[in-house]
Amino acid sequence: MIIIDNKIIATNSNDAKAGDIINGGNANLTNISYEEAKQHKITLLGDYLTCLDNYPNNYPYWIATRNPNLEIINLATDTATLTNDLYTQSQSLSSTNCIVILGGFNDWNNSIILGDFTTDYSDIETNPTFYKGLYRLLYTVKNSYPTTPIVVGTPVVGTGSNNNGNTLEQFADAIKEVAGNLAIPCCDLFSKSNITNLTATGSTTFYIDNYHLNPTGSEKISYVMEQSVKEAIEQFGGKW
């Protein structure tokens with residue numbers, strides 16, 4: 001049984017059909033041993049790369065389809081910034097086998113000041129920067145869930161500069177730097193996903209526009225993200 005956002009998208013049971021909503025009165029789960037079927041629960045914080053509202057074939061869909069015993073709690077929203085909104089999402093975290101954090105594009109696109117690496121975010125409300133918001137998010141999540149595997153991802157390749165003259169690669173590099181400082185595994189989609197919009201064929205094959213992935217692109221990064229989650233869980237002694 002595959003569940004995303006409390007909605008069954010696939011099941012082998014005769015008692016619940018794809019499309020049923022858990023706790024919505026439509027699904028008869030009497031004969032489903034959910035706890036026995038569940039292998040892992042992973043919780044996703046993120047933006048448009050993770051959110052399924054406008055892009056139902058985003059990477060979580062593909063991971064769930066390949067892993068029917070995986071429960072996915074998706075807290076992502078389309079326009080979320082890592083600096084503020086993912087921090088808000090993190091306040092809804094609960095017990096889980098792995099936390100996946102993927103964002104940064106909207107911060108760059110909204111021209112949030114990049115700043116410099118720092119571990120001091122005490123003035124983030126009056127003098128916000130991407131580095132401060134990023135460190136606050138990752139430090140808070142790691143400190144709150146010290147025995148839970150965490151995976152951080154970078155945005156995929158994007159072109160151009162924002163209104164402050166920063167490239168998306170600079171924001172991806174900041175994510176790698178802060179994750180490294182906190183010893184959190186980083187899935188570097190920017191450099192290692194084999195997806196690019198810098199070539200004509202890459203743009204038409206993987207992207208809807210210059211930044212949003214089509215189902216082919218989303219499926220491709222899903223393998224990279226899945227491997228990172230698998231490695232993080234196994235690093236903590238779990239089995240995928």
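**A chat about a predicted model**

Student: Hi! Where does Ser111 lie?

Tutor: Ser111 lies in the loop between α4 (105-109) and α5. Helices here are DSSP runs of H or I with at least four residues, strands are E runs of at least two, and both are numbered from the N terminus.

Student: Is Ser111 buried or exposed?

Tutor: Ser111 counts as buried, because its relative accessibility is 16%. Buried means under 20% relative accessible area, exposed over 50%, and partly exposed in between (1.4 Å probe, protein chains only).

Student: And what is the phi of Ser111?

Tutor: Ser111 has a positive phi of about 60°, although it is not a glycine. Most residues other than glycine have a negative phi. Ala183 also has a positive phi, near 55°. Ala183 lies in the loop between α6 (168-181) and β7 (186-187), and at 61% relative accessibility it counts as exposed.

Student: Good to know. What kind of model is this?

Tutor: This is a predicted model, in which local features need pLDDT of at least 70 and side-chain atom pairs count only at pLDDT 80 or more, while totals for chains, interfaces and linings use all residues. Residues are numbered from 1 along each chain as its sequence is written, and side-chain values use heavy atoms, leaving out hydrogens and water.

Student: How many helices and strands are there?

Tutor: The protein chain has nine helices and seven strands. Of its 240 residues, 48% count as buried.

Student: Which residues touch the most other members of the largest nonpolar core?

Tutor: Those are Tyr59, Ile101, Phe130, Leu138 and Met225, in a core of 58 residues. A nonpolar core is a set of buried Ala, Val, Leu, Ile, Met, Phe, Trp, Tyr and Cys residues joined through side-chain atoms within 4.5 Å.

Student: What does Ile101 contact?

Tutor: Leaving aside neighbours within four places in sequence, Ile101 is in contact with residues including Leu45, Leu86, Leu138 and Ile150. Contact means heavy atoms within 4.5 Å.

Student: Changing topic: how many disulfides are there?

Tutor: The count comes to zero disulfides, a disulfide being a pair of cysteine sulfur atoms within 2.5 Å.

Student: Last one: where is Lys132 found?

Tutor: Lys132 is found in helix α5 (residues 130-144). Lys132 is buried, with a relative accessible area of 9%.
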